[in-house]
Amino acid sequence: MPTPQFIVDLRAHIGHDPLWLIGVTAVVIRGDEVLLVKRADNGVWAPVTGIVDPGEEPADAAVREVAEETGVTAAPERLAWVHTTAPVTHVNGDQAQYLDHVFVMRWVAGNPYPADDESTDARWWELSALPEMPRRMHERIAAALRQGPETRFEWDRR
């Protein structure tokens, strides 16, 4: 599913003005591999990302996004990082900024494929041989791979 209908409805009122949204990043791990998609909008390899629907639990959104985008069933194991992304201008001109929840996800079943129009490829990558991707995506994967139950979060130490 591309842009959620509630965002389309908001955009009808505010145009391309900035929106503050809740997002998820699902870092799906299978052994020493990570699931990545090649985004259709900008050609970037990345973990599965998406927008949390109104009233939806972020972990449920991560499960849903993985299934919708890759056909893979995954289960959340840990919230690894909560952070605010830099402001983004999407290819259609929409501006947004996200409160992103990075989840470590365990592969349950399925072989990845581009299950919707948001990606052109979906596959497993060896953690030791990741494709070129933006630093912010590497940071999300690194946060998911850190050992321990603690969630990373950002805070202003002033």
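Tutor: Contact means that heavy atoms lie within 4.5 Å. Please keep in mind throughout that this is a predicted model.

Student: With that cut-off, which residues does Leu127 touch, not counting residues up to four places away in sequence?

Tutor: Leu127, which sits in the loop between strand E8 (119-126) and H3, touches Asp32, Glu33, Val34, Ile141 and Leu145 once residues up to four places away in sequence are set aside. For one of these, Leu145, the separation from Leu127 is 18 residues in sequence and 9.7 Å in space, taken from C-alpha to C-alpha.

Student: Is Leu127 buried, partly exposed or exposed?

Tutor: The term buried is kept for a relative accessible area under 20% and exposed for one over 50%, with partly exposed in between. Leu127 is partly exposed, because its relative accessible area is 26%. Ala142, which lies in helix H3, also counts as partly exposed, because its relative accessibility is 39%.

Student: How far from Thr3 is Ala142, in sequence and in space?

Tutor: Ala142 and Thr3 are 139 residues apart along the sequence, and their C-alpha atoms are 27 Å apart in space.

Student: Where is Thr70, and why does Thr70 count as buried?

Tutor: Thr70 has its place in helix H2 (residues 58-70), and it counts as buried because its relative accessibility is 0%. Leaving out residues up to four places away in sequence, Thr70 touches Leu35, Val37, Val48, Asn111, Pro112, Tyr113, Ala115 and Ala122. The side chain of Thr70 also reaches the backbone oxygen of Val66 at 2.7 Å, and a polar atom of that side chain lies 3.2 Å from the backbone nitrogen of Val72.

Student: Which side chains make polar contacts with the side chain of Asp94?

Tutor: A polar contact is a pair of N or O atoms within 3.5 Å, and within protein one must be able to donate a hydrogen and the other to accept it. The side chain of Asp94 is joined to that of His16 by a polar contact of 2.7 Å, and to that of Arg11 by one of 3.4 Å. Asp94 lies in the loop between strand E6 (88-89) and strand E7 (95-109), and it is buried because its relative accessible area is 12%. Not counting residues up to four places away in sequence, Asp94 touches Gly15, Val88 and Thr89 as well as Arg11 and His16.

Student: How should I read a pocket, and how much space lies in the largest one?

Tutor: Rolling a probe the size of a water molecule over the atoms shows where empty space is left. Here the largest pocket holds about 1100 Å³ of space. It is lined by 44 residues, of which Arg39, Asp41, Thr49, His90 and Tyr98 are the closest to its centre. By kind, the lining residues divide into 19 nonpolar, 11 polar and 14 charged, while helix H3 (residues 135-145) supplies the largest share of the lining, five residues.

Student: What surrounds Thr49, leaving aside its neighbours within four places in sequence?

Tutor: Thr49 is found in strand E4 (residues 48-51), and it is buried because its relative accessible area is 16%. Its side chain and that of Arg39 are joined by a polar contact of 3.4 Å. Leaving aside neighbours within four places in sequence, Thr49 is in contact with Val24, Thr25, Arg39, Glu65, Glu69, Met137 and Arg140.

Student: Which feature does UniProt place at residues 19-147?

Tutor: The UniProt entry, which is unreviewed, places the feature "domain: Nudix hydrolase" at residues 19-147.

Definitions and conventions
Residues numbered from 1 in each chain as written. Predicted model: local features only at pLDDT ≥ 70, side-chain atom pairs only at ≥ 80, totals over all residues. Heavy atoms only, no water. UniProt positions renumbered as here; feature names shortened; annotations may be inferred. 1 Å grid on protein atoms, 1.4 Å probe; cavity = no way out; pocket = protein on both sides within 12 Å on 5 of 7 lines; lining within 4 Å. Points joined across faces, edges and corners; volume = space filled by probe spheres on them. Helix = DSSP H or I, 4+ residues; strand = E, 2+ residues; numbered from the N terminus. Nonpolar A, V, L, I, M, F, W, Y, C, P; charged D, E, K, R; others polar. Buried < 20%, exposed > 50% of the residue type's maximum accessible area, 1.4 Å probe, protein only.
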